[in-house]
Amino acid sequence: MNLEKVVFGFFIVFAATLNFGFVIGEIDNPMHHNATELFFAIVVNLIATVLKFGDRTQVGAVHLATSLVADLQLLAAAGAWAYAAYVSPTGVDTGAITTIVSLSAGALLANIISVVMLIVETMMLRR
Amino acid sequence: MHPNSAILLILRRMRAPLIVLITLYAVSVLGLTLLPGVDADGRPWHMSFFHAFYVISYTATTIGFGEIPYPFSDAQRMWVTFSIYLSVIGWAYAIGALLALVQNRAFQNAIAMQRFGRAVRRVREPFYLVCGYGETGQLLCRAFDHLNRRFVVLDIDPARIEELELQDLRIDAPAITADARHPDNLLMAGLTSRHCIGVIALTSDDEANLVVAAATRLLHNGEASILCRVTRPEIADNMKSFGIGHIINPFETFGEYLALAIRSPGSYQLMEWLTSTPGATLKPQREPPRGHWILCGYGRFGQAIADDLQVEGIDLTVIEPDHSIACTSQNVHGVGNERHVLEQAGIERAVGIIAGTNNDIANLAIVATAAERKPDLFTVLRQNLQSNQSLFSTFQADFTVRPAQIIAHECLGLLMTPLLARFLAEVKRRDDAWSDAVVARIAQTCGERVPMTWNVALDGRGAPALEPALRGGAEIELNALLRDPTNRQERLNAVPLLVLRAGQQHVLPDDSFALRTDDDILFASTRTARARLQGTLVNVNDRDYVLHGRAQRAGWLWRKLARDPQSVAP
């Protein structure tokens, strides 16, 4: 067992599960989506991205790309939330929460691709 | 090395610091949202993620806007205090890691490689790839710089590359510390570039030179000339099997010179004259005498010299301290600067001595001791290091052998005036009387100073003014071409030494020699004559005047006004 692989797999799967936990629920109901969960999803995603830095292989490059996409979508979601809560006069209404959740759903797709790649890579290894 | 390796190295090394930084920020922000505070009305209040991130961001970067949106509770203040120290540690670690990376040797190498690769790709003119920037490389590159030729340098020793950067060359040459034995490094240095017109392997390691030559032969798809420095005969044989024509062995070259000087002093003088720096006056030199010679040092240099001298039938005694080296029949073991050793080697009846060890000071000592014993001895000194130049020029031996200079000269000759090498080979075949006649003819035309030797091809590039006429079948005699474009009654001070036509050489062509297109001509001339002759070859007006005695109207209007639209009589 390789500790590096454990840590790597942990963060990738954790990023996907947190993201999933945040997205699940009615898309226009603010009660179903927790800010703290989004915060943790962002933090774990950032760490997962940094872990993928510096890998020269083709698979490594695609891994990094999917992670960067997820980061971008989640940060956009957080930015939209902050804007809705503090700048927009209407506050976090159904329209705002729909935008936030759909952005993070996009991130979820990227995270799922990451997980699938991780699994495929592991299957190819056969050890 | 991978072209993006510097960026990859940064990403890889910064992984841990970045993760630490992200974690510390996350902990600080999360803590701030969890701790209870009170709002302006005294009601319990929790900070949102947005505000917490804002507060931590300006606190961690030591900007410090104060407590917003409401004054903090004591619990929040405790947490912010803790966060401040946490973030300072995180930043110190990240910046420290980044600085360490910049100082890192591997990283600097990666950066230097990338910069070098880019610099080589930016060279859009023909360039030479010089492997090895030792004494020879420096002499050669200085000459290239002087001649406005571009070059790229590879050397394994970083000190030498630094030296190149300090030298006051006119053009910045791309240079890198790299092992020439790795073909990857050669590729990075532009081996396969279409601008690379020659590869010159001058490292002190014969095997490295062999690798460079082989890599060039196999990888370069054009007609790059390959020049190699070699001192070991077995490596030279290896190179020949790769089909490399220009193999330069400084010791053998000098051995041949010395043998030629003993066999036919006239030929030697002609060679000396044609290969010296143009414009210099040649001092009359002592001719090396026939008779008994002493050779000190039987290394690679000594062996090459001994072979050449024995072919000439010179009686030779070798002095060599190393018992394990098998010498010729006559040899004395010992060091050449000891009197009794010299006596044993027969200094009484000797006419010349060659100090050929690889130690400069020992060589000087040998010659000094021998000259003290017998002042009229012909002395040959081997100088290994350029830095000892002042010592050797004070001593004034009859011959001073500087291997670095011999190689640099040969390389320049082969690259700049390839016909000269052919002519010199011819000189070696002819006798003394022939050489004396050539010397007399050149001296009569060009004066007592060393002439310029240069070659020109009568093709579209070398002679654009002359080439159309030649292609049209016009008969132009050498005699006609050599008239002075400022006054065609006079003849230019130039001697045609050799014409190469379709692989066949015509040595010393006479005045009625009819030129044809694509002829290659080697001239010995004064500097002025060269400039004027090139005018005739390039400038249409000069050509018309020189060949037909007509001065053409330069402008379109004057040509229209003149009766003959092409030209008028002078």
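User: Which residue in β7(B) does B:Ile200 stand opposite?

Analyst: B:Leu227. A caution before going on: this is a predicted model, where local features need pLDDT of at least 70, side-chain atom pairs count only at pLDDT 80 or more, and totals for chains, interfaces and linings use all residues. Residues are numbered from 1 along each chain as its sequence is written, and chains are lettered from A and ligands numbered from 1 in the order in which they are written.

User: How many bridges join strand β6 and strand β7 of chain B?

Analyst: Four, in the parallel sense. β6 covers residues 196-201 and β7 covers residues 225-229. Strands here are DSSP runs of E, at least two residues; helices are runs of H or I, at least four, and both are numbered from the N terminus. Two strands pair if DSSP finds at least two bridges between them.

User: What order do the strands of that sheet have?

Analyst: β5-β4-β3-β6-β7-β8 in chain B, an open sheet of six strands with parallel pairing. β5 (175-177) and β8 (246-248) stand at the edges. Each has a single partner strand, so one side of each lacks a neighbour in the sheet. The twist averages 15° from one strand to the next.

User: Zooming out, how many helices and strands does chain B have?

Analyst: 24 helices and 22 strands. Of its 570 residues, 36% count as buried. Buried is 20 or more other C-beta atoms within 10 Å of the residue's own, exposed is 12 or fewer, and partly exposed is in between, with C-beta atoms placed from the backbone.

User: And how many residues does each chain put into the contact between A and B?

Analyst: 13 from chain B and 13 from chain A. Contact means C-beta atoms, placed from the backbone, within 7 Å. On the chain B side, α1 (5-13), α2 (15-34) and α3 (49-60) each supply at least two residues. The largest share, six residues, comes from α2(B).

User: What classes are the residues on that side of chain B?

Analyst: Ten nonpolar, one polar and two charged. Nonpolar covers Ala, Val, Leu, Ile, Met, Phe, Trp, Tyr, Cys and Pro; charged covers Asp, Glu, Lys and Arg; the others, Gly among them, are polar.

User: Over to chain A. At what angle do α3 and α4 pack?

Analyst: About 165°, with their axes 8 Å apart. Axes are lines fitted to C-alpha atoms, for helices over the stretch in contact, and angles run from 0 to 180 degrees between N-to-C directions. α3(A) and α4(A) are therefore roughly antiparallel. The cut-offs: under 35 degrees is roughly parallel, over 145 roughly antiparallel, 65 to 115 roughly perpendicular, the rest oblique.

User: Is the crossing of α3(A) and α4(A) left-handed or right-handed?

Analyst: Left-handed. That means the near helix is turned anticlockwise from the far one by less than a right angle; clockwise would be right-handed. The contact has 17 nonpolar, nine polar and one charged residues.

User: Is A:Asn111 buried or exposed?

Analyst: Buried, because 30 other C-beta atoms lie within 10 Å. A:Asn111 is found in helix α4 of chain A. Leaving aside neighbours within four places in sequence, A:Asn111 contacts A:Ala15, A:Ala16, A:Asn19 and A:Ala70.

Note on methods:
Two residues are in contact if their C-beta atoms, placed from the backbone, lie within 7 Å.
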